[in-house]
Amino acid sequence: MFVELNNLLNTTPDRAEQGKLTLLCDAKTDGSFLVHHFLSFYLKANCKVCFVALIQSFSHYSIVGQKLGVSLTMARERGQLVFLEGLKSAVDVVFQAQKEPHPLQFLREANAGNLKPLFEFVREALKPVDSGEARWTYPVLLVDDLSVLLSLGMGAVAVLDFIHYCRATVCWELKASILYLMQGNMVVLVHDSGDAEDEENDILLNGLSHQSHLILRAEGLATGFCRDVHGQLRILWRRPSQPAVHRDQSFTYQYKIQDKSVSFFAKGMSPAVL
Amino acid sequence: MAAVATCGSVAASTGSAVATASKSNVTSFQRRGPRASVTNDSGPRLVSIAGTRPSVRNGQLLVSTGLPALDQLLGGGLAVGTVLLIEEDKYNIYSPLLFKYFLAEGIVNGHTLLVASAKEDPANILQELPAPLLDDKCKKEFDEDVYNHKTPESNIKMKIAWRYQLLPKMEQIGPVSSSRFGHYYDASKRMPQELIEASNWHGFFLPEKISSTLKVEPCSLTPGYTKLLQFIQNIIYEEGFDGSNPQKKQRNILRIGIQNLGSPLWGDDICCAENGGNSHSLTKFLYVLRGLLRTSLSACIITMPTHLIQNKAIIARVTTLSDVVVGLESFIGSERETNPLYKDYHGLIHIRQIPRLNNLICDESDVKDLAFKLKRKLFTIERLHLPPDLSDTVSRSSKMDLAESAKRLGPGCGMMAGGKKHLDF
């Protein structure tokens, strides 16, 4: 969790907003540091996290998590973190016939229509446990990253359906016995292909941008590579359900990634330049 | 101490996967800090593999790509468990060289090779590997090693210290200091036959395998890719690169080389049609390959004719699914061949992507304009610079030509903004 980013977003693990969809987007740079931030943020906020990690292995997130002060192995052991390691599961699915439906079942099929098994996995993982005591504050779904699903043969519409179903389950869920709204959060990462003319990706990105409450967009600098400023972060707050009475707030900061933290500064105010 | 003792590499996932599989397994990779899972060992045992070294930044295990200059640009070497994607140059002249350097490095270090091609028989590819340039001391070591491979280990009876005969042979503990990391190769000579025969290699030649009746799980990839994935997975499993075979004493690296992936010879039509039926085959293949590599001690080089791929979106997806992406652009046949700016070089090399593994940052080099040239013996990568102006009469017109052509360099060159007139000091 990057303290400076918390200050910019005006949140702390204790009083984070609930029922929100956050979209992380990166264009011409690597936005994975935002995923690490939110993962450690929600683990520190004592939430039940379901992490669908499609692009990197568990040890990668675990080692970076240790630098940011959370232990993923311990979180997994005590049940706070449900981790779907996409790479390992893909190898299992492709090389061995599975008896029960597997979250990544679509890899075996030529024209898989939807991501239903994956949604079932998420719903099962974030189901509130009937133990009586509320151990975790609220459920969180984290996906890294959605553009990989497009590369694996799913259409943009299927991915949008999956996000819609997940939102309906995670962000608003009624429990039958106790009628209360368990409002969870969702954080997804999508790559912006820029001028690569990836239509499916553009559909997905536009569709998600309209649904999300908070958009964090990491971009490379327009002038090219710089040693001291690694990129620019655009923060956009939205209220998708209300009419556009309030103007959406947008801030832009530049950042530099260090070994264990990320420092943010206003445009042109990099400590190296001043 | 930190660099040697901590090898919390990408293949630490091997450690966790292995540790859950069988507790009595010895893994050669250590995570930083205390180990979460306990093995039956008394303490941490560091066994290092020939030809690898831990990264300076985070202790990850690296192998050499065969070109020390490229290793330096990638931050020390290629991490074990990752894919190096080479975007081929237009006429496929220089990318096979990088491919062969990678394989030659594997032979010199004693790694196992897996060569896959749809165009050439892997045995022929191995015959054409460049010979290593060894100085005399290394050469003697080499000849001894090769000799030892051929003769079976005869138990020389110890006369004086006969008690030591009963002890098992020591594994090499600590960093491997005798063998270098990254060798130079002589492109004009061939690798000696004994070295090739002494090495352990597996070949996958598509025309042979496509007709075989190897039992293959149904998958939605093109048959060529499915067979290749099955082959790779078999080798990894049978030879224990994923830690599944605990009897293996000596750990080794598997170097996988796949040539011309995505070309029509593999049965894929992304180079022929813009929206073919198999547009997801290649990306699915790369995804499953990434999964296989991340859970085993292997490194992979793939050459791909990306300039032929019609759909630009696929190139972007392929780049995301690979770890290191290096693009080659040769000057042959282009207008740049006669450009005085580029007269010393054969082409440009672009490092398009470097992975951030186990880390928030990566070792990106500051130099963005790199060029390569193939001298008679060596393949060198250098920073692109303007040639010195050594003409007797320094005329204005020649300087104008250079300034014009220098305008075409990338923005990271460090030259002043181009314009027609320049200041003459």
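In β9(A), Val262(A) is the bridge partner of Ile257(A), and β8(A) and strand β9 (residues 262-265) of chain A run antiparallel, joined by four bridges. Strands here are DSSP runs (E, at least two residues) numbered from the N terminus, and two of them pair if DSSP finds at least two bridges between them. This is a predicted model, in which local features need pLDDT of at least 70 and side-chain atom pairs count only at pLDDT 80 or more, while totals for chains, interfaces and linings use all residues. Residues are numbered from 1 along each chain as its sequence is written, chains are lettered from A and ligands numbered from 1 in the order in which they are written, and side-chain values use heavy atoms, with hydrogens and water left out.

**Strands of chain A**
- A hairpin of four residues connects β8(A) to β9(A).
- Strand β7 (residues 231-237) of chain A runs antiparallel to strand β8 (residues 249-257) of chain A, with seven bridges between them, and Ile235(A) stands opposite Phe251(A) in β8(A).

**Sheet of chain B**
- Three strands of chain B form an open sheet in the order β1-β2-β3, with antiparallel pairing.
- Because β1 (52-54) and β3 (78-79) of chain B each have a single partner strand, they stand at the edges, and one side of each is left without a neighbour in the sheet.
- Three bridges link β1(B) to strand β2 (residues 61-63) of chain B in the antiparallel sense, and Arg53(B) has Leu62(B) in β2(B) as its bridge partner.
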